[in-house]
Amino acid sequence: MHEITFAVLGTGGIGRRALEVSQHKEALTPVAACDRHGVAIDTDGLAVEELLAATEGNIDSGPDDAATDGGETATTGAHVKQHGTQRGVVASEQATATDDPIQAIIDAGAEIDAVLLALPNYEHDFIPRTADRFIEAGYSGVLIDVLKRSRVIGMLEDRREALEAAGVTFICGAGATPGFLTGAAALAAQSFVDVESVDIWWGVGLKSGYEDNRGTVREDIAHLPGYDIETARDLSDADIEAIIDEHDGVLEFEDMEHADDVLLERAGICDAEDVTVGGILDVRRDEKPTTTTVSVTGTTFDGERATNTFELGDETSMEANVNGPALGYLKAGVRRHRNGEYGVFGPAELLPRF
């Protein structure tokens, strides 16, 4: 495969690990990365080790993350974990400060094959609005996100014609769940002619802790009873620490709004209402509190009812299970784009179909 250049929007926990994992992928060159404070662009390839070292402990994440207008305005929130004199990516010698880092990425779009939106904690319409900006600027390439919420898929579907006209291949829900586990469900379903249910149960232990995963933890808290993304967004760090303390560091989730349901329905695997997603997050320990499994129950062509189960090794981290698949789907998206396939695709649509 020809070399692929890509950019990362967001250099929090996911974005940083995406850059790191990319160093282990063939034919994949990161050429741009940004956060709200600035952008680093080098079309010959970023010096990833320097950028990661310079921004270590400089995660730009806090309650005002979600109060973004889509990158058009930089804010100066007090919740940035800051080492040295610069916040976020600007701490890197490769980066420059800007009020509109996303526009800087768009302006360099002719040299960028794919853009990974590594921003799970933003308001629901952030990703669709960002897609609009790329479309309006005439970008023709791949956009890929690690979104979680089912409702965002419909917002992207509303833009299908505009994406196709612009020559954009949009891969949505390409992290762990949805993403990796959605794909596993799509494969497990191939044994059946009728799928009765898909049950996704995940376990995550945060090796790097809450401090380096604020966006992810905040987004997960939004799934707890009594919270949504808006109320979770307004929580202070102290509020979140208190919630974690109340649960002794272990948060359990049932019937989460994860886009696995609509993505599997789009692929013709089963109805969205037949998909359930839940899991356990341990914010204080390395070990997973439970094994991540995908169970697909159905009936075979010869009338046998069975359950196919896909299980992740407990040693695999959230970072590995999000970023490895995300970059793999990114490469699949670029292959589709180079074949002239534009529009909106979910992870299950890139795998064997019914």
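**Helices, strands and loops of a predicted model**

Reader: At what angle do the axes of helix H1 (residues 13-22) and helix H2 (residues 48-55) cross?
Author: Helices (H or I, at least four residues) and strands (E, at least two) are DSSP runs numbered from the N terminus. Axes are lines fitted to C-alpha atoms, for helices over the stretch in contact, and angles run from 0 to 180 degrees between N-to-C directions. The axes of H1 and H2 come within 10 Å, and they cross at roughly 150°.

Reader: What kind of model is this?
Author: Residues are numbered from 1 along each chain as its sequence is written, and side-chain values use heavy atoms, leaving out hydrogens and water. Local features need pLDDT of at least 70 and side-chain atom pairs count only at pLDDT 80 or more, while totals for chains, interfaces and linings use all residues, since this is a predicted model.

Reader: How are H1 and H2 directed relative to each other?
Author: Angles under 35 degrees count as roughly parallel, over 145 as roughly antiparallel, 65 to 115 as roughly perpendicular and the rest as oblique. The axes of H1 and H2 cross at roughly 150°. The two helices are therefore roughly antiparallel.

Reader: Which residues of H2 take part in the contact with H1?
Author: Contact means heavy atoms within 4.5 Å. H1 contributes Arg 16, Leu 19 and Glu 20. From H2 come Val 48, Leu 51, Leu 52 and Thr 55.

Reader: Is the crossing of H1 with helix H12 (residues 318-338) left-handed or right-handed?
Author: The axes of H1 and H12 come within 9 Å and cross at roughly 65°. A crossing is left-handed if the near helix is turned anticlockwise from the far one by less than a right angle, and right-handed if clockwise. H1 passes H2 in a left-handed crossing. For H1 and H12, the crossing is right-handed.

Reader: What is the order of the open sheet of eight strands?
Author: Two strands pair if DSSP finds at least two bridges between them. The edge strands of this sheet, each pairing on one side only, are strand E4 (95-97) and strand E13 (343-345). Its pairing is mixed, and its order is E4-E3-E2-E1-E5-E6-E7-E13.

Reader: Which residue in E2 stands opposite Thr 5?
Author: Strand E1 (residues 4-9) and strand E2 (residues 28-35) run parallel and are joined by six bridges. The residue opposite Thr 5 in E2 is Thr 29.

Reader: Which residue in E11 is the bridge partner of Trp 201?
Author: Strand E8 (residues 194-205) runs parallel to strand E10 (residues 275-282), with eight bridges. Strand E8 runs antiparallel to strand E11 (residues 293-299), with seven bridges. In E11, Trp 201 has as its bridge partner Thr 293.

Reader: How many residues apart in sequence are the parts that Glu 219 and Lys 148 tie together?
Author: A salt bridge is a side-chain nitrogen of Lys or Arg within 4 Å of a carboxyl oxygen of Asp or Glu. Glu 219 and Lys 148 form one, with their closest N and O atoms 3.5 Å apart. Glu 219 lies in helix H8 (residues 214-221) and Lys 148 in the loop between strand E6 (142-145) and helix H5 (150-157), so the pair ties together parts whose separation in sequence is 71 residues.

Reader: Where is Pro 178 found?
Author: Thr 177 and Pro 178 are joined by a cis peptide bond, with omega about 0°. Pro 178 is in the loop between strand E7 (169-171) and helix H7 (180-188).
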